[in-house]
Amino acid sequence: MGLASSKTSRISDTCIYIYSLMRRKSIPALPCMCAMGRRVARARTQLYHEAMRRLGMRGTQFTILQALSLTGEIIQGDLGEILAMDTTTLTRTLEILGRRGWVAKRQGKDLRERWLRLTQAGRAQFNTAIPAWHRVQARLRRELGSERWDALLQLTQDVATAAIE
């Protein structure tokens, strides 16, 4: 490769690199953990909602199905604690999932207890959604890099734990 060809290649590579940087939206950092966390949650939720919409569900519904697939039958209050979800939002979402036949509930010995579990249809819906979930996960991991992805998962777990305690 000649000097001119090498120089042209470097200029071309530089232009492509600059263009790729320009395409990324720059948003200002916010000095508040709450504001940053909510912004991240909204942006991330939009990605998952878009992926799940094709399957007739929302990302938040997938999260509940996923949690129930991991916990098995569980008391609604305990599920709310695991997800750090307020009672009203959780109840409203569970009603939708129940109407779709994806979640079953039964009364506990204490009349205030509601036990929840995935139905066969709920497990099927969850399994159908896993590939879409994996695609979003892979996209974010690719954009962040595996090391930052793993660190972010741990950091968000630590922040959630600290906030709840």
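**Exercise 1. Work out how many aromatic pairs a search of the whole structure finds, and what parts the Phe62 and Phe126 pair ties together.**

Step 1: The search turns up 2 aromatic pairs. Rings of Phe, Tyr and Trp (its six-membered ring) pair if their centres lie within 6.5 Å; planes under 30 degrees apart are stacked, over 60 edge-to-face, and the rest tilted.

Step 2: Phe62 and Phe126 make a stacked pair, at 5.3 Å centre to centre with 25 degrees between the planes.

Step 3: Phe62 sits in helix α3 and Phe126 in helix α6, so this pair ties together parts 64 residues apart in sequence. Helices here are DSSP runs (H or I, at least four residues), numbered from the N terminus.

A quick note before moving on: this is a predicted model, where local features need pLDDT of at least 70, side-chain atom pairs count only at pLDDT 80 or more, and totals for chains, interfaces and linings use all residues. Residues are numbered from 1 along each chain as its sequence is written, and side-chain values use heavy atoms, leaving out hydrogens and water.

**Exercise 2. Describe how α2 and α3 pack.**

Step 1: Helix α2 (residues 33–53) packs on helix α3 (residues 59–71) at about 85 degrees, with axes 7 Å apart. Axes are lines fitted to C-alpha atoms, for helices over the stretch in contact, and angles run from 0 to 180 degrees between N-to-C directions.

Step 2: That makes α2 roughly perpendicular to α3 (65 to 115 degrees).

Step 3: Tyr48, His49 and Met52 in α2 meet Gly59, Thr60 and Phe62 in α3, where contact means heavy atoms within 4.5 Å.

Notes:
Helix = DSSP H or I, 4+ residues; strand = E, 2+ residues; numbered from the N terminus. Parallel < 35°, antiparallel > 145°, perpendicular 65-115°, else oblique.
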